[in-house]
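Please study the sequence and the model shown below. The paragraphs that follow lead through selected features one at a time.

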Amino acid sequence: GSARTLIFRINVPPDAEPGSHYLGLFVGQAPAAGTVGVGSRVGTLLFLHVAGEVREEATREDFFVSRQWYKRPPIELSLWLRNNGTIHIVPAGELVLQKGKRVIDRQSVNGRQRKILPGERWEESYKFDHLGWRDAGRIEAVVSLEYGLTHQPIVDRVEFWYLPTGLFLLIMIVSGAVALVSWRMILKKRGFNKTYFVALFF
């Protein structure tokens with residue numbers, strides 16, 4: 001194969017708005033004159049920034065967990081952002097699962113460095129598989145990221161409960177045993193005899 005460098009010029013219209021613009025550049029090969037053949041072409045996407053006053057503004061449209069109660073991993077979360085500005089942005093940050101001040105797990109946000117074009121909505125999903133018995137209880141997911149040339153922050157959080165099946169059964173058994181013992185003690189103090197107590201259950 002061979003390579004060739006092409007020089008091209010882009011004429012920006014005088015009324016073009018400042019900010020990010022994108023265009024497609026295609027290069028093709030036509031059949032030689034007087035011959036019949038199949039032409040081919042390749043293309044690429046280019047980003048063009050028109051100088052002037054620009055606006056960097058991104059909003060968190062939604063940050064949510066798929067369920068409020070989990071018995072087992074994976075924990076699934078989703079983050080939606082929208083670019084309301086006039087220039088493309090590349091958000092970056094991390095998503096952290098924590099119980100109190102203890103960090104359970106963390107993942108990077110937009111690790112592939114995807115661009116969000118003006119007016120576009122960006123979505124990303126996350127799965128956390130490494131949760132154990134010591135993580136049982138209320139868990140908080142915190143997302144913190146920055147975007148733009150001025151490193152503007154976006155921070156949000158959501159809560160959910162994680163209670164493994166085995167632990168749930170253990171709590172139910174212990175709670176039932178405690179309730180039974182407490183009831184027997186109450187009946188004993190009130191003077192119920194054993195025969196009447198048994199009759200309550202049959």
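Predicted model: local features only at pLDDT ≥ 70, side-chain atom pairs only at ≥ 80, totals over all residues.

Leu6 has a relative accessible area of 51%, and since a residue counts as exposed when this value is over 50%, Leu6 is exposed. Leu6 is placed in the segment before strand 1, which spans residues 19-29. Together with Val27 and Val42, Leu6 makes a nonpolar surface patch of about 270 Å².

Strand 5, which covers residues 75-83, is joined to strand 8 by 8 bridges. Within this pairing, Ser78 has Ser125 of strand 8 as its bridge partner.

Most peptide bonds are trans, and most residues other than glycine have a negative phi. The bond from Pro73 to Pro74, however, is cis, with omega near 5°. Pro74 belongs to the loop between strand 4 (69-70) and strand 5.

Which residues have a positive phi without being glycine? One is Asn110, with a phi of about 55°, in the loop between strand 7 (102-109) and strand 8. Another is His151, whose phi is near 55°; His151 lies in the loop between strand 9 (137-147) and strand 10 (152-162). Asn110 is buried, because its relative accessibility is 2% and the limit for buried residues is under 20%. His151, by contrast, is exposed, with a relative accessible area of 52%.

Technical notes
Residues numbered from 1 in each chain as written. Heavy atoms only, no water. Pairing = 2+ DSSP bridges. Helix = DSSP H or I, 4+ residues; strand = E, 2+ residues; numbered from the N terminus. Patch = residues over 30% accessible without salt bridge, like charges linked within 9 Å, V, L, I, M, F, W, Y side chains within 5 Å. Areas by Shrake-Rupley, 256 points an atom, 1.4 Å probe, with all protein chains shown as cover. Salt bridge = Lys/Arg side-chain N within 4 Å of Asp/Glu carboxyl O. Buried < 20%, exposed > 50% of the residue type's maximum accessible area, 1.4 Å probe, protein only.
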